[in-house]
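Please look at the structure first.

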Amino acid sequence: MLGSVLKRGTLSKSLHDPIVPQLSHLQSKLYSSKNTKATLAKAKKDAKSKSKSKVSDSSSSVASEDFESAGADDFEAARARRLVEDENDRSLDVGPNGRPLFTSTVSLSQLTRKDTCSYMKFSEKGLKEVSPEGLPMGMVTEFKESMRPALLVRESFLDLRDNFRRIVDPPMWSSHTKAPKARKQILLDGPVSCGKSIALAMLVHWARDEGWLVLYAPRGREWTHGGFFYKNPETGLWDTPVQAENVLKDFLKYNESRLQQLPCQIFDPIPLGEGAGVGWMKGVESMALPEGSTLNDLVQMGIKYSHAAVGVVVRLRKELSLVKDVPVLIAIDQASTTLRCLPFPCYMNKLYYKFPFLLGN
């Protein structure tokens, strides 16, 4: 901000206050007041110069506006060039206590407590591949303002990672040592913009790198806001078929190949509800799930048939709780607007039980 103010001040001064003084005042002292011809000629020249100066002033004001509008882009481009130059200057890579500002660790699973308060560089392409559901706005904003895809390694993230790591790989503790208790269900809480969403996204990144099956919702608010709302007479809960379909589509984006390998373990018919904008199916209350179906087949059913979308989401939650071949994690951001701010009892409240999940409040 200070740089832009100084820059604008310099530009305005250079445009309106020329460095070379006007020569007319200096030349007038060299002529005698008795030389009327010279005085008249000078007056004509002054009149012409004034008319020219008006045109030049108007053109310079337009040029000033164009220059200032382009100044911000030039400043950003210059800043980007300096950052690239700084990348090659190892003397600038100094963080707290003289340690490197950027960690050399290449994966989230290899981070240790020594990496705390250092930055870890990511590939934006890699982040989008591992989180095709989308990145949290806090992460996108940080990348944009810092002009580099790097995130601060916080101790709170390492605590989260190690907690879920102990669930699937409990250490061999001594009988005389009290082992830390692993928590399967965690709610992240804290002030706005304190890093909850980024910690959640980093944990999802780590879990998927480790082979976990993750249902990730970076925008949990969309689960319960907008779309159609129908009260289910069988359950007494409000169904949201549009949001249910979106949940299933997002779940497939990263996990489709894995879901094709996981067989369904529950083959009860899928209860049908009211379709989005099309009402109820006449004379049909449920849809059969063929024997030998996979979790991918189950999800595809909910995407194809709007009436089955909500029933498939609820069934998927039950199926995921029975998966034993791979660890399962549900990570939902904006949980406060998903759960606490619901003005009605919704089937979404039934999703967060029986297996590891993480909510960002």
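Leaving aside residues up to four places away in sequence, S118 touches P100, L101, T103, L151, L152 and V153 (contact means heavy atoms within 4.5 Å). This is a predicted model: local features need pLDDT of at least 70, side-chain atom pairs count only at pLDDT 80 or more, and totals for chains, interfaces and linings use all residues. Residues are numbered from 1 along each chain as its sequence is written, and side-chain values use heavy atoms, without hydrogens and water.

S118 sits in the loop between α3 (36-87) and β1 (119-121); helices (H or I, at least four residues) and strands (E, at least two) are DSSP runs, numbered from the N terminus. S118 is buried, at 6% relative accessible area. Buried means under 20%, exposed over 50%, and partly exposed in between (1.4 Å probe, protein chains only).

Aromatic pairs come to three. Rings of Phe, Tyr and Trp (its six-membered ring) pair if their centres lie within 6.5 Å; planes under 30 degrees apart are stacked, over 60 edge-to-face, the rest tilted. Two of the pairs:

| Pair | Centres | Planes | Type |
|---|---|---|---|
| F102 and Y119 | 6.1 Å | 45 degrees | tilted |
| F164 and W212 | 6.4 Å | 80 degrees | edge-to-face |

F102 is buried, at 15%. Y119 is partly exposed, at 28%. Both F164 and W212 are buried. F164, W206 and W212 form one aromatic cluster.

Now the strand. Five of the five residues of β9 (residues 328-332) are buried, so the strand is largely enclosed by the rest of the structure. V328, I330 and I332 cover one side, L329 and A331 the other.
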